[in-house]
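Here is my note on the model you sent. Please read it with the structure open.

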Amino acid sequence: MTQHKDIATPSRTKEILAKHGFSVKKSLGQNFIVDGNVLVNIVAAADLNKNTNVVEVGPGIGALTEPLARASKKVVSFEIDDRLLPVLADTLSPYDNVEIVHNDVLKANLSEILSSRIDLEERLMVVANLPYYITTPIIMHFLESTVRIDGLVIMTQKEVGDRITASPSTKAYGSLSIAIQYYMEAEIAFIVPKTVFVPQPNVDSAIIKLTRRAEPSVKVKDERIFFQVARAAFVQRRKTLWNNLLVRYGKDEETREKLTKVLELAEIDPTRRGETLSLTEFGRLADAIVDVMPENSGK
Ligand code: SAM
């Protein structure tokens, strides 16, 4: 196979941008990787091989798409910016296993788009240098999709990475940690300095690795109530769980009595703060709400 000059070097990136008269749009989170080592580490973290398909979000000028194409069976990559389509047609022309989908990934029906392009029975990884202005919605879009994704290896702001991987009783722990750790094992694979991007972002970045658990980390009676109570517990971080539950479910006498029963049943001290509760404890709390206040299941 002919070896092509890598896209992700400062000089080649400059050359590509100049050739196509392309100027980056900050509003679309366009920070392009110009460092081959970071790409090697991303590909290694995703454990790719020729039996694995990859979904990418935001190929940009193709810096990450190129090593993904080399290492995997097929890459389907969503790009919102139509100005990048001719650029990608040029830079990725040596690779016949890449398909660019011109679409806002958040509006994309993943199962429909992916099922016609890859075999969804095969191993599927999401690998992306995400646009930071919509990191969380993109992750949740993939996790909540009916498409079974085996794992995600994604570049995020370091601060978001900290929140995703946080343990209880830490400053970064919150409803995002719970929403993601419910489905996935989450770890920071490595920290990425600003200098690997053009243009450089204002924040530090991290590569996060999420691996699908065989079963959700807690078994609950009603997932919706679980996520609902996990969100409610953090609405006012500095208040007790009890206060946050009153705000969410009502302050009248009847609700107070029911919530007292809920907390007794779940064996959770109402004076604790939400940030101290583990996923297992949120699971017990949610199940107690389903038992004592079944009327909330529809809300
Ligand atoms: N993968 C390239 C790299 O690493 O050099 C570019 C990554 S850049 C951080 C984010 C990319 O996501 C940009 O190409 C941007 O146009 C694209 N993007 C932004 N919002 C998007 C959306 N809603 N759907 C799909 N792509 C989006």
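1. Where is E267 found? E267 sits in the loop between helix 11 (253–266) and helix 12 (279–292). Helices (H or I, at least four residues) and strands (E, at least two) are DSSP runs, numbered from the N terminus. Phi of E267 is near 55°, a positive value in a residue other than glycine. Most residues other than glycine have a negative phi, and most peptide bonds are trans. E267 counts as exposed because its relative accessibility is 66%. The cut-offs for relative accessible area are under 20% for buried, over 50% for exposed, and partly exposed in between (1.4 Å probe, protein chains only).

2. A word on the basis. This is a predicted model, where local features need pLDDT of at least 70 and side-chain atom pairs count only at pLDDT 80 or more, while totals for chains, interfaces and linings use all residues. Residues are numbered from 1 along each chain as its sequence is written, and side-chain values use heavy atoms, with hydrogens and water left out.

3. Overall layout. The protein chain has 12 helices and 9 strands. Its C-alpha atoms fill a box of roughly 70 × 40 × 30 Å along the principal axes. Of its 299 residues, 52% count as buried. Take the contacts (heavy atoms within 4.5 Å) with a separation of 6 or more: 68% of them join residues 24 or more positions apart.

4. Surface and charge. The accessible surface of the protein chain is about 14000 Å², and carbon and sulfur atoms hold 50% of that. These areas come from the Shrake-Rupley method with a 1.4 Å probe; for residues, only the protein chains shown count as cover. The chain carries 38 positive and 39 negative charges, with mean positions 4 Å apart. Lys and Arg count as positive, Asp and Glu as negative; His and the chain ends are not counted. Each charge is placed at NZ of Lys, CZ of Arg, CG of Asp or CD of Glu.

5. S169 lies in the loop between helix 7 (158–165) and helix 8 (175–183). Its relative accessible area is 52%, so S169 is exposed. The peptide bond from V198 to P199 is cis, with omega near -15°. P199 is in the loop between strand 8 (197–198) and strand 9 (205–212).

6. Aromatic rings. How many aromatic pairs does a search of the whole structure find? The search finds 8. One of them, F226 with F227, is edge-to-face, at 5.3 Å centre to centre and 70° between the planes. Rings of Phe, Tyr and Trp (its six-membered ring) pair if their centres lie within 6.5 Å; planes under 30 degrees apart are stacked, over 60 edge-to-face, and the rest tilted. F226 and F227 are both buried. Ring pairs also link these two with Y182 and Y183 in a cluster.

7. Two strand residues. Q157 lies in strand 6 (residues 151–157). Q157 counts as buried because its relative accessibility is 18%. Leaving out residues up to four places away in sequence, Q157 touches Y132, V203, D204, S205 and A206. E99 is in strand 4 (residues 98–102). At 27% relative accessible area, E99 is partly exposed. Beyond neighbours within four places in sequence, E99 is in contact with K74, V75, V76, S77 and R117.
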